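I opened my notebook for a slow look through this model, and these are the entries. Here is what I had on screen.

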Amino acid sequence: MGRRAAISAALALLLALALIPWVARAESQAQRVVPSAMTVKLTRGDVKQLTAQVLPQTALQAVVWRSNKSSVASVTPEGLVTGRKVGSALLTVASVQNPAITATVRVKVVKGATPTKVVLGDGRDMLAVGESLTLSPTVKPANASQMVTYFTSDQEVALVSEAGVLTGQAPGKVSITVRSQVKPAIRATRTFTVYDPLVPYALTIAEDSGYLTLGQRRTLAYTLEPSTALGGVTWHSSAPSVVSVSPEGEICALASGRAQITCRARNGDVEDQLTVVVISGQRTTQVPLRTTAKTASAVSANLAAIDAVLESAEDQLNALAATGQMSSTELAKRKAILNGAFAMYRFPWYTASRVPYWTSDYKGKKDFMPDRVYYGMPYIQHGSGNNRVNRRFTAQKAVNQGYYEKAEGQLYRMTKKRMSSMYVGNDCSAFVCMATFPANGISVNSSVCFQITRDMLSSSTFKKLSGYEQLRPGDLLVKNGHTVMFLYYTNAQHTRMMIIEQGGGNLTTDIHNTVTCSVVNRSSYEGKYKPLRASFLAKLG
């Protein structure tokens with residue numbers, strides 16, 4: 001025998017040996033069927049998967065199941081049995097190889113608890129045309145029948161099978177109701193939206209900052225839902241001379257003002273809008289008056305000047321946010337601080353008769369007179385026994401408790417009501433604290449809002465800044481005995497600052513201690529006043 005013939009013979013022998021077990025198995029005949037359980041107890045509506053083994057193990061393992069009472073317990077050919085109604089049934093499992101080889105399983109279906117609730121769950125409520133999802137309702141209590149019936153409000157939008165398979169047919173909304181078969185009054189309904197996968201149903205501009213500085217450019221991003229939608233978008237600016245927008249969504253700040261940018265889907269009736277504010281960088285240096293005549297025009301003009309200072313301070317905050325130097329959370333909290341301070345400042349009031357200043361040290365020169373309008377509550381340092389109860393008031397709190405009342409136009413009138421025989425007002429430290437801490441959710445009546453300057457310099461509620469260049473609108477400058485709130489620098493060299501404070505002034509230039517804004521030299525404060533930042537703001541930076 002040649003070498004090639006020897007190799008061929010060896011291979012044939014190996015193949016024959018490999019086929020011996022297969023031949024043996026193929027020749028094995030089913031002799032017995034053993035179910036996974038001989039008896040099964042089901043609550044009506046319960047489902048249980050049964051299995052069976054054919055012996056010997058070398059026989060074909062395929063079996064088929066059937067029920068003698070499908071109305072009591074139905075079973076699929078694969079052995080999934082469902083309790084339908086109270087009663088007993090006999091299941092038969094037979095070998096496919098030899099149908100004469102069978103076994104039986106007794107099934108008892110019991111009533112179970114009375115259904116009290118159907119829960120559909122919080123799964124997704126959108127599906128595409130042609131897409132299917134399976135509903136998985138739960139009937140409570142757990143030992144109640146889980147058998148339910150499904151209903152669709154619109155078969156043209158979505159179909160639902162007996163097994164709870166929901167299939168989208170056409171775009172639209174559809175309500176699917178699930179009812180307990182045992183107690184049909186127990187039901188639950190959920191609304192689904194069927195969408196065309198090629199047509200968007202939602203559009204979102206992916207942008208959290210609507211601010212630009214002059215000349216700044218930024219490309220806006222957007223998302224379409226579903227992601228399979230076609231057609232792209234168009235862009236439009238309500239004020240193209242202020243903010244232009246390119247077909248690709250690039251915006252450019254051209255002038256001070258604001259514009260509404262609209263992103264609209266070409267395919268589908270969906271859009272989103274973003275208001276963009278262009279920050280000019282201009283800051284007012286006009287200082288509002290501390291007192292004016294009682295004419296409507298004088299009051300309106302001074303309130304407008306106060307608002308201009310607030311707007312400039314907020315503009316500075318917006319610039320920091322627009323250039324990525326401040327988070328949206330810090331921006332919101334600092335704006336709340338400013339608005340708290342200016343709500344106490346933007347409070348024009350008068351008195352019907354002369355009101356003596358809280359101390360006689362100034363020989364009546366700081367008394368409040370009936371022919372003038374004052375802005376911000378009067379300064380007061382302490383009450384009877386130095387208990388400081390009189391200086392724990394925001395303007396709104398003072399009005400709510402009857403110390404001031406609404407008068408003509410935009411004015412308020414100081415009433416005759418007194419606390420500790422004196423008027424209520426504020427002092428410098430309470431003024432800034434009651435503006436600061438409510439911005440972080442703290443009550444204006446909390447003791448932290450009534451700290452004095454000595455406390456502020458040592459309290460953990462404030463953090464010392466390393467220098468004046470770190471100041472942001474809403475930060476404080478504090479020395480033992482006085483404090484002011486920093487608003488913004490009024491020049492590019494950062495040598496002049498706009499501040500807001502309660503009190504201040506002197507007998508020569510300003511004898512009316514209320515609330516005021518001032519443009520001051522940085523050099524007059526640096527080295528004397530410590531720059532402080534509320535700790536909750538410091539954590540954000």
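How many residues of helix α5 are buried? I looked up α5 (residues 428–436) and found that nine of its nine residues are buried, so that the helix is mostly covered. Buried here means under 20% relative accessible area, exposed means over 50%, and partly exposed lies in between, with a 1.4 Å probe and protein chains only. The buried residues of α5 are C428, S429, A430, F431, V432, C433, M434, A435 and T436.

**Ground rules I noted**

This is a predicted model, in which local features need pLDDT of at least 70 and side-chain atom pairs count only at pLDDT 80 or more, while totals for chains, interfaces and linings use all residues. Residues are numbered from 1 along each chain as its sequence is written, and side-chain values use heavy atoms, with hydrogens and water left out. Helices (H or I, at least four residues) and strands (E, at least two) are DSSP runs, numbered from the N terminus. Two strands pair if DSSP finds at least two bridges between them.

**Entry: the five-stranded sheet**

I traced an open sheet of five strands in the order β28-β30-β29-β32-β31, with mixed pairing. Its edge strands, each pairing on one side only, are β28 (291–292) and β31 (404–406). Inside the sheet I checked β29 (residues 348–351) against β32 (residues 412–414): they pair in the parallel sense over three bridges. For Y350, the bridge partner in β32 is R413. Helix α2 (residues 296–322) packs on this sheet and touches β28, β29 and β30 (373–375). Contact means heavy atoms within 4.5 Å. The direction of α2 makes about 10° with that of β30. Axes are lines fitted to C-alpha atoms, for helices over the stretch in contact, and angles run from 0 to 180 degrees between N-to-C directions.

**Entry: the four-stranded sheet**

Next I followed an open sheet of four strands, also with mixed pairing, in the order β20-β27-β26-β23. The edge strands here are β20 (211–213) and β23 (233–237), and each pairs on one side only. Neighbouring strands of this sheet are turned by 25° against each other on average, direction ignored. Between β23 and β26 (residues 257–265) I found five bridges, and the two run antiparallel. T234 has R264 as its bridge partner in β26. Which strands of this sheet does α2 touch? They are β20 and β27 (271–279), and the direction of α2 makes about 120° with that of β27.

**Entry: around β7**

β3 (residues 47–49) is joined to β7 by three bridges, and the strands run antiparallel. K48 has V81 as its bridge partner in β7. β6 (residues 73–75) also pairs with β7 in the antiparallel sense, over three bridges, and A73 stands opposite G83. The hairpin of β6 and β7 has four residues between the strands, and G79 there takes a positive phi near 100°.

I then stopped at G45, in the loop between β2 (39–43) and β3. Is G45 buried or exposed? G45 is buried, with a relative accessible area of 7%. Leaving aside neighbours within four places in sequence, G45 is in contact with G83, S145, Q146 and M147.

**Entry: pockets**

A pocket is found on a 1 Å grid over the protein atoms alone: an open set of points where a 1.4 Å probe fits, with protein on both sides within 12 Å along at least five of seven lines; lining residues have an atom within 4 Å of a point. Grid points are joined across faces, edges and corners, and a volume is the space filled by probe spheres set on the points.

The largest pocket has a volume of about 430 Å³. Of its 16 lining residues, R84, M147, V148, E162 and A163 lie nearest its centre. The elements giving two or more residues to this lining are β7 (80–83) and β14 (148–152), and β14 gives the most, with three.

The second largest pocket has a volume of about 360 Å³. It is lined by 18 residues, and R283, Q316, Y488, Y489 and H494 are the closest to its centre. α2 and β35 (482–489) each supply at least two residues of this lining, and β35 gives the most, with three.
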